[in-house]
Amino acid sequence: PISLLYTIKFENMNNTALPFTTAQIVPLATFCLFVLITGLLGNALVLYSSVRYNAIHLDRISVMLVRNLALADILYCLCTVCPLTITYFTQHYVLGEVYCFIMAHLAFIPGTLNNLTVLAITSHRLRVITVPFGQVSLNMAYCMVVAIWVISTGATVVSLAFKSKAVFVPSAGRCLSTVYTNPAAASAFGAIFILFVVIPVILIVIFNVTMLTLAFRKSRSHEGVRKYRGLATVLILSGIFALSMTPFTIFTFMKTNKIKVPQALDLMAFHFIFLNVFGNPILYTFTNNRFSKYVKALMTGLVTCHTNPVTSAVLRSSEGPTSKSAEVNNISKKTTEDTSI
């Protein structure tokens, strides 16, 4: 597939001006710049804090999936949001044909990664509730993460296998693969879209409703209240994901069936997906007590120029060891459900 990069004939990209007025471009460019900055910094903060300071208070498998989701969001920022932001500010495409080809095909990967990772987080939380004493080994979790990455390349492989071109679509403001308009690839690409987008969104909604129902049924007991509180982040995270993906899923299905979608609605649905990119770190800040302390300590340290602002604020607990190493060792032993997220 890499050899296609040197043999493919690109479409004429002379017409790269965006068909938007200044009043339309300014809010789009501002929003994308905000998403790019907060998405990169926020998700990098999630990765660094969870690895360096164990700042995400969750069981090990959930932390692994949260890191994978953060990595997928960073990749989405680089593959989609970054070129889109540059295009909005310059008001025409300036990144070249090779970059257009690469980004048009890589853009499939982070979206599928998000879908499957959120589905894995939701299903894992449901399993914790229904089978509280069941255990999933770390090796199995690692295999699951690797499988998610391999499966996420499916759309890219199909696009390259059909020798799809990359064209800049001014009305969308980004480069797209011609696999969307290739009749020969319609069946394969349609199956991938249903398997990796439609079905995960439906399952996420079903799992959320099931978990919420189970929590409410046991809400009178102490265990039920604890479980209900423990679902807060997962329910909000997956709920926002399903809500933001639904318009895009519906409109993409309509377009693949040659049903015309108004340009304004299509553009709005695409940008609505960006809520997942920068929203997850903000969500962790408000719902995860330990991560919230880390962020507050970091902000305080930046303001006061403290050399090591995080260690004492995050790793010192009033109920546990005071040393960093003792706290980390104590946290690593906890593989049960987190009660603060």
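Start by selecting helix α3 (residues 60–90) and helix α12 (residues 275–287). Where they meet, α3 passes α12 in a left-handed crossing; a crossing gets that label if the near helix is turned anticlockwise from the far one by less than a right angle, and is right-handed if clockwise. Helices here are DSSP runs of H or I with at least four residues, strands are runs of E with at least two, and both are numbered from the N terminus. What you have open is a predicted model, where local features need pLDDT of at least 70, side-chain atom pairs count only at pLDDT 80 or more, and totals for chains, interfaces and linings use all residues. Residues are numbered from 1 along each chain as its sequence is written, and side-chain values use heavy atoms, with hydrogens and water left out.

Stay with this pair for a moment. Two packed helices are described by the angle between their axes and the distance between the axes. For α3 and α12, the axes come within 9 Å and cross at roughly 145°. (Axes are lines fitted to C-alpha atoms, for helices over the stretch in contact, and angles run from 0 to 180 degrees between N-to-C directions.) Now show side chains: on the α3 side pick Val66, Leu69, Asp73, Tyr76 and Cys77, which meet Asn276, Val277, Asn280 and Tyr284 of α12. Contact means heavy atoms within 4.5 Å. By class, this contact has six nonpolar, two polar and one charged residues. The classes go like this: Ala, Val, Leu, Ile, Met, Phe, Trp, Tyr, Cys and Pro are nonpolar, Asp, Glu, Lys and Arg are charged, and the others, Gly among them, are polar.

Pro281, Tyr284, Thr285 and Thr287 of α12 touch Asn289, Phe291, Ser292 and Val295 of α13. That contact divides into four nonpolar, four polar and no charged residues.

Go back to α3 and bring in helix α2 (residues 22–52). Their axes come within 8 Å and cross at roughly 155°, which makes α2 roughly antiparallel to α3. This crossing of α2 past α3 is left-handed, and the contact has 24 nonpolar, four polar and two charged residues.

Now click on Asn54, in the loop between α2 and α3. Most residues other than glycine have a negative phi. Asn54 has a positive one, near 55°. Is Asn54 buried or exposed? At 17% relative accessibility, Asn54 counts as buried; the cut-offs are under 20% relative accessible area for buried, over 50% for exposed and partly exposed in between, with a 1.4 Å probe and protein chains only.

At the other end of the tour of α3, select Gln91, in the loop between α3 and α4 (97–106). Gln91 has a positive phi of about 65° although it is not a glycine, and with a relative accessible area of 39% Gln91 is partly exposed.

Strands pair if DSSP finds at least two bridges between them. Phe168 has Cys175 in β2 as its bridge partner. The two strands form a hairpin with four residues between them, and Gly173 in the turn has a positive phi of about 75°.

Finally, zoom out: the protein chain has 15 helices and two strands, and 47% of its 341 residues count as buried.

Methods: Parallel < 35°, antiparallel > 145°, perpendicular 65-115°, else oblique.
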